[in-house]
Amino acid sequence: MDPALLREREAFKRRAMATPTVEKKARTEPSYAAPKDVKKARPANAPPKMDASNYKSMSGSSQYRFGVLAKIVKHMRSRHQDGEDHPLTLEDILDETNQLDIGSSVKAWLQGEALKNNPKIEATPDGRFMFKAVYKIKDGKSLLRLLKQQDLKGLGGVLLDDVQESLPHCEKVLKNRASEIVFITRPNDKKKVLFYNDRSANFQVEEDFVKLWRSVAVDAMDDAKIDEYLEKQGIRSMQDHGPKKPAIPKRKKAQNKKRQFKKPRDNEHLADVLETYEDNTLTQSNAVQEIKQNN
């Protein structure tokens, strides 16, 4: 063999040995592994995934709807208490409450049913809405007028909670009219009640009468015993206080009486017209008997 070829062959071997190489082996996947391009099938009864970005625009559950309604009522009450009593459209209300992204079905429910039937919301003829307060009072004069009417008609006082809900800037008005209003705390639920301070009823009572009044103890006596005591002393108690209860009519007991049979009356005015057929009947019956005997 040619010595030059042998030298080139040896040189090629040395270069091949000097150059590092990495052998790539084919990766075999296990037989139980699912192919990558096959997607997992979702069960037929699985609920659809809820998109958080699309939650408010969906029709939503009743809890979400009433949450929107509660936020609207709260906003309408607060703006009424701030003195803003002009009506608003539904779009304006949703804009002020930052709820413009609700669904169309919720808007239709608010416009046609929820706001119109809510006891705290009043709908105007032009389709607007405003807060419906317990009392229509706007300032201190209207508040005193209400308390006077309650006092004259004997209806008692007015709850402070209802006044705070109905009267704009309530705390300021009550502070300015404090001398004309009497505050009483109700013992059963600790709620404050407002009464009109009628200054004409303020008069000085002698100390002897005050002592006599305080010496009489009526804690252990009911109304019936007090009325009886007053009648013995020749004092007639007032009976027409408070609403009267309608009297319930008593039912009559059913009487188990036997019904008497009434004999029919004779037609006396036809006495001259009536005829008696008893003789003819007897004659006919006798003739029938004789015929039977002969046969």
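The expected span of a helix is 1.5 Å times one less than its number of residues. This rule is applied at the first stop of the tour, which visits a predicted model.

**Stop 1: helix H5**

Select residues 140-152, which form helix H5. With 13 residues at 1.5 Å a residue, H5 should span 18 Å, and its end C-alpha atoms are 18 Å apart, so the expectation and the model agree.

Which residues of H5 are buried? They are Gly140, Ser142, Leu143, Leu144, Leu146, Leu147 and Gln150.

Display next what the buried residues of H5 pack against: strand S3 (158-159), helix H6 (160-166), helix H7 (170-176), strand S4 (181-185) and strand S5 (192-196).

Now select Arg145, which also lies in H5. Is Arg145 buried or exposed? Its relative accessibility is 51%, and Arg145 therefore counts as exposed, the cut-off for that class being over 50%.

Just after H5, select Gly154, where phi is positive at about 70°.

**Stop 2: the open sheet**

Select strands S3, S4 and S5 together. They form an open sheet of 3 strands in the order S3-S5-S4, and the pairing is antiparallel. S3 and S4 stand at the edges with a single partner strand each, so one side of each has no neighbour in the sheet. In general, strands of a sheet pair through backbone hydrogen bonds, either parallel or antiparallel.

Focus on S3 and S5, which pair in the antiparallel sense over 2 bridges. Which residue of S5 is the bridge partner of Leu159? It is Val193. With the sheet still displayed, bring back H5: this helix packs on the sheet and touches S3, S4 and S5, and its direction makes about 85° with that of S5.

**Stop 3**

Most residues other than glycine have a negative phi, and most peptide bonds are trans.

Select Lys190 in the loop between S4 and S5. Lys190 is not a glycine, yet its phi is positive, at about 65°. Its relative accessibility of 62% means that Lys190 counts as exposed.

Then select His169 in the loop between H6 and H7. His169 is not a glycine either, and its phi is positive at about 55°. With a relative accessible area of 48%, His169 is partly exposed.

**Stop 4**

Select residues 62-81, which form helix H2. H2 has 20 residues and reaches 29 Å from its first C-alpha to its last, close to the 28 Å expected at 1.5 Å a residue. Its buried residues are Tyr64, Val68, Leu69, Ile72, Val73, Met76, Arg79 and His80. The elements that cover these buried residues include H3, H4, strand S1 (121-123), strand S2 (129-131) and H6. Just after H2, Gly83 takes a positive phi of about 95°.

The structure holds 1 aromatic pair. Its members are Phe66 and Trp109, arranged edge-to-face at 5.3 Å centre to centre, with 80° between the planes. The pair links distant parts of the chain, because Phe66 belongs to H2 and Trp109 to helix H4, 43 residues apart. Colour the two residues by accessibility: Phe66, at 48%, counts as partly exposed, whereas Trp109 is buried with a relative accessible area of 13%.

**Stop 5: Thr97**

Where is Thr97? It sits in the loop between helix H3 (90-96) and helix H4 (104-117). Thr97 counts as buried because its relative accessibility is 5%, where buried means under 20%. Show side chains here to find a polar contact of 3.1 Å that joins Thr97 and Gln99. Residues up to four places away in sequence aside, Thr97 touches Lys71 and His75.

**Stop 6: the whole protein**

The secondary structure comes to 10 helices and 5 strands. Of the 295 residues in the protein, 18% are buried. Among contacts between residues at least 6 apart in sequence, 55% join residues at least 24 apart.

Technical notes. Residues are numbered from 1 along each chain as its sequence is written. Side-chain values use heavy atoms; hydrogens and water are left out. Helices (H or I, at least four residues) and strands (E, at least two) are DSSP runs, numbered from the N terminus. Buried means under 20% relative accessible area, exposed over 50%, partly exposed in between (1.4 Å probe, protein chains only). A polar contact is a pair of N or O atoms within 3.5 Å; within protein, one must be able to donate a hydrogen and the other to accept it, and residues adjacent in sequence count only if both atoms are side-chain atoms. Contact means heavy atoms within 4.5 Å. Rings of Phe, Tyr and Trp (its six-membered ring) pair if their centres lie within 6.5 Å; planes under 30 degrees apart count as stacked, over 60 as edge-to-face and the rest as tilted. Two strands pair if DSSP finds at least two bridges between them. Axes are lines fitted to C-alpha atoms, for helices over the stretch in contact, and angles run from 0 to 180 degrees between N-to-C directions.
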